[in-house]
Amino acid sequence: MLLALLLSAAVVTLTLGRSYVPITDVLRILLGGEVPGATFTVEVLRLPRTVLSILAGLSFGLGGVAFQIMLRNPLASPDIIGISSGASAAAVFAIVGLSLTGPVVSILAVLAGLAVAMLIYGLAVRNGEAGTRLILVGIGVSAMLQSLISYVLLNAPAWNRQEAIRWLSGSVNGARLDEALPLLTTFIVFGLLLLSRSRELETLRLGDDMAAALGTPVSRSRIVIIISAVSIIAVATAVTGPIAFVAFLAGPIAAHIVGANGSLLLPSSLVGAVLVLVADFAGQFLLPARYPVGVVTGVLGAPYLIYLIIRVNRTGRAL
Amino acid sequence: MRPVTPPHQALAPTPWRSRSLNLSGLAGAFAILAVLCLLSVSIGTRTTSLSEIVAGLSGSNETIAEAAVSLRVPRTLLAVLAGAALGVAGCVMQGVTRNPLADPGILGVNTGAALAVVIGIAWFGMSDPQDFLWSGIVGAGLTAVFVYTIGSLGRDGATPLKLALAGTATAITFSSLVVAIILPRADIAGGIQSWQIGGVGGATLSRTLSILPVLGAGFAISLLSARKLNLLALGEDMATGLGERVAVARLTAAAGAILLCGAATAVCGPIAFVGLVVPHVCRLLAGVDYRWLLPFSALGGAGLLVAADILGRIVARPAEIDVGIVTALIGAPFFIWIVRARRVRAL
């Protein structure tokens with residue numbers, strides 16, 4: 001069902017826009033045909049954007065839910081505990097400060113994301129338990145990284161700044177198909193690695209002792225999961241910017257849709273893709289001004305975070 | 001009615017922390033602040049000599065150095081005022097919420113003020129600093145009420161984690177909204193963006209003086225609430241038992257804090273972590289009595305902001321780092337330290 005939703009969202013973003021291109025024409029163009037007047041729109045403007053949105057959404061959704069499951073806390077998603085900020089800070093520095101482009105930026109972002117993940121984990125864990133401390137430490141680290149980002153941006157040339165704000169709030173504007181390649185490769189390598197670990201992840205959800213009793217090599221699988229999740233998130237961040245809250249929202253939404261049984265990894269990955277596609281479409285065409293996708297998800301996502309806090313408070317469960 | 005031990009005696013300072021010691025502590029803090037101010041006036045891209053400072057202060061701006069001094073004076077004054085305001089606001093917020101992580105930045109109050117100012121600029125064509133001031137205060141007040149309401153829903157009231165999360169969520173939403181408002185408006189984006197980071201660099205004497213009445217009111221309310229904050233620190237039940245109307249006490253104290261941080265934000269932009277760090281350090285120096293803690297926090301906040309401003313000018317010479325960035329870089333590790341030290345549930 002989610003797959004169907006994703007497909008139809010993709011079809012909508014390919015056919016609709018400033019001008020309408022019938023679906024048959026879109027198919028013909030995708031298969032290499034020529035349709036006068038529409039080929040450019042679809043092939044150069046819409047297709048890269050759609051592909052990039054889908055890949056970024058898949059990555060954010062998958063990486064986010066992996067963290068949420070592993071740390072047993074819906075708030076422990078990479079965008080709240082500062083891992084995304086780490087990747088952004090590295091990417092901003094590489095792009096604005098060192099004028100780098102392409103895969104180098106992605107690699108730097110991954111390294112920074114991993115470093116931040118280790119830092120937060122190292123600062124928060126005591127006797128193998130992190131819990132709420134991890135989230136608070138993450139908020140602190142994230143505040144620090146945000147101020148670094150602001151500093152780099154403020155020193156950027158003024159003509160760069162508008163573009164930088166756009167990137168920082170997460171955007172698939174001006175997408176090109178060749179940008180999608182690193183994203184696709186990382187997603188195939190690490191995404192599949194993560195998906196193959198879904199059973200171990202499920203046992204980790206039950207607690208470390210339980211997982212060990214069920215035969216999961218706890219620390220090794222945790223390391224694999226962290227590296228894979230951080231990698232896909234960081235590469236996606238390096239390409240599109242930190243699209244706010246997709247990593248955080250995808251898991252809980254997927255849990256609503258598929259229920260508690262079964263693995264959440266694939267569903268929330270798909271939900272992430274749908275979220276990015278729809279939010280980008282809304283940001284482009286449904287709102288009075290053109291907004292980057294991250295602004296739309298940011299404005300939509302925060303009320304959900306607030307709702308989550310309220311709901312957890314009501315049920316009285318310690319967060 | 002049976003006479004009750006006045007709470008300030010229940011909280012009587014330990015012998016080695018006597019009144020005279022606290023007074024000399026305050027005097028020391030004041031002296032340090034004075035030295036920092038002098039440094040702030042003399043240090044910058046161009047370092048000035050004492051005679052040039054004196055000449056600059058007496059209104060002359062014939063040489064470059066004297067002109068630099070006359071630019072640095074309002075800036076230093078603003079740093080002192082805003083720092084004191086943020087320090088006291090943080091101290092009061094920690095007292096009102098009994099939450100060691102309370103800080104106008106972490107609770108999202110500064111972002112609320114910023115959003116209100118940005119809305120005013122973008123939609124209502126505001127350009128008068130006096131209007132910034134009022135919209136900043138209104139935004140800060142609304143946000144404080146909102147965050148506190150969300151954070152305190154549920155069984156065990158406003159725990160540090162819930163408040164911090166509610167504040168973070170609100171801050172993220174509001175910054176998304178700020179971006180949403182300024183992105184289509186290239187004409188105002190640049191100015192707002194540098195304001196949004198928090199700085200005292202563009203200070204002018206008239207703008208600085210324009211917030212004085214509001215700050216004065218905020219300081220007065222906060223200092224007058226010191227006794228109430230002492231009572232609140234004993235716990236809600238105890239405070240009620242001692243005849244304090246808890247809700248009223250909270251509201252008045254919070255109103256003082258909101259005036260202070262709203263006004264500071266309206267002029268400097270959101271500056272984080274001053275309100276968090278200063279009261280904690282001052283507690284080590286002055287103990288837990290808010291009647292001492294508040295003045296200490298005022299001096300400490302002023303000192304921290306002036307020092308951060310000087311640091312920002314020295315580190316990247318000849319460029320400058322905005323003071324908001326410096327305080328975040330100093331303050332965030334401190335925040336993490338508090339979280340790690342398990343003092344989160346104390347207060």
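Against which helices of chain A do the buried residues of H1(A) pack? They pack against helix H2 (23-30), H3, helix H12 (246-258) and helix H13 (265-286) of chain A, where contact means heavy atoms within 4.5 Å. The model is predicted, so local features need pLDDT of at least 70 and side-chain atom pairs count only at pLDDT 80 or more, while totals for chains, interfaces and linings use all residues. Residues are numbered from 1 along each chain as its sequence is written, chains are lettered from A and ligands numbered from 1 in the order in which they are written, and side-chain values use heavy atoms, with hydrogens and water left out.

Helices here are DSSP runs (H or I, at least four residues), numbered from the N terminus. Helix H1 of chain A covers residues 2-15. The expected span of a helix is 1.5 Å times one less than its number of residues; for the 14 residues of H1(A) this gives 20 Å, and the end C-alpha atoms are 20 Å apart, which agrees. Buried residues are those under 20% relative accessible area, whereas exposed means over 50% and partly exposed lies in between (1.4 Å probe, protein chains only). In H1(A) the buried residues are Leu2(A), Leu6(A), Ala9(A), Ala10(A), Thr13(A), Leu14(A) and Thr15(A).

One of the partners of H1(A) is H3, and Ser53(A) is placed in helix H3 of chain A. Ser53(A) has a relative accessibility of 1% and therefore counts as buried. Leaving aside residues up to four places away in sequence, Ser53(A) touches Val172(A), Val276(A), Leu277(A) and Asp280(A).

Helix H5 of chain A can be treated in the same manner. Its 22 residues should span 32 Å at 1.5 Å a residue, and the end C-alpha atoms of H5(A) are 31 Å apart, in agreement. Among the buried residues of H5(A) are Val105(A), Ala109(A), Gly113(A), Ala117(A) and Ile120(A).

A cavity is a set of points, on a 1 Å grid over the protein atoms alone, where a 1.4 Å probe fits but cannot get out, and its lining residues have an atom within 4 Å of a point. Grid points are joined across faces, edges and corners, and a volume is the space filled by probe spheres set on the points. The count comes to four cavities of 30 Å³ or more.

The largest cavity has a volume of about 1500 Å³. Its lining comprises 47 residues, of which Gln146(A), Ser150(A), Ala171(B), Ile172(B) and Ser175(B) lie nearest the centre of the cavity. Helices of chain A and chain B each supply at least two residues of this lining, including helix H6 (131-154) of chain A and helix H7 (160-182) of chain B. H6(A) gives the largest share, nine residues. For the classes, Ala, Val, Leu, Ile, Met, Phe, Trp, Tyr, Cys and Pro count as nonpolar, Asp, Glu, Lys and Arg as charged, and the others, Gly among them, as polar. The lining of the largest cavity has 27 nonpolar, 19 polar and one charged residues.

The second largest cavity has a volume of about 80 Å³. Helix H3 (39-70) and helix H5 (103-124) of chain A are the elements that give two or more residues to its lining, and H5(A) contributes the largest share, three residues. The residues that line this cavity include Phe67(A), Met70(A), Ala117(A), Ile120(A) and Tyr121(A). Its lining has ten nonpolar, no polar and no charged residues.

Side chains of opposite charge can pair when their charged atoms come close. A salt bridge is a side-chain nitrogen of Lys or Arg within 4 Å of a carboxyl oxygen of Asp or Glu, and there are five over all chains. In chain B, Arg75(B) and Asp309(B) meet in a salt bridge (2.8 Å, N to O). This pair links distant parts of the chain, with Arg75(B) in helix H4 (residues 64-97) and Asp309(B) in helix H15 (residues 290-315), 234 residues apart. Asp309(B) also forms a salt bridge with Arg313(B), the closest N and O atoms being 3.0 Å apart. Arg313(B) and Asp309(B) both lie in helix H15 of chain B, four residues apart, about one turn of the helix.

Note on methods: On a 1 Å grid over the protein atoms alone, a cavity is a set of points where a 1.4 Å probe fits but cannot get out, and a pocket is an open set with protein on both sides within 12 Å along at least five of seven lines; lining residues have an atom within 4 Å of a point.
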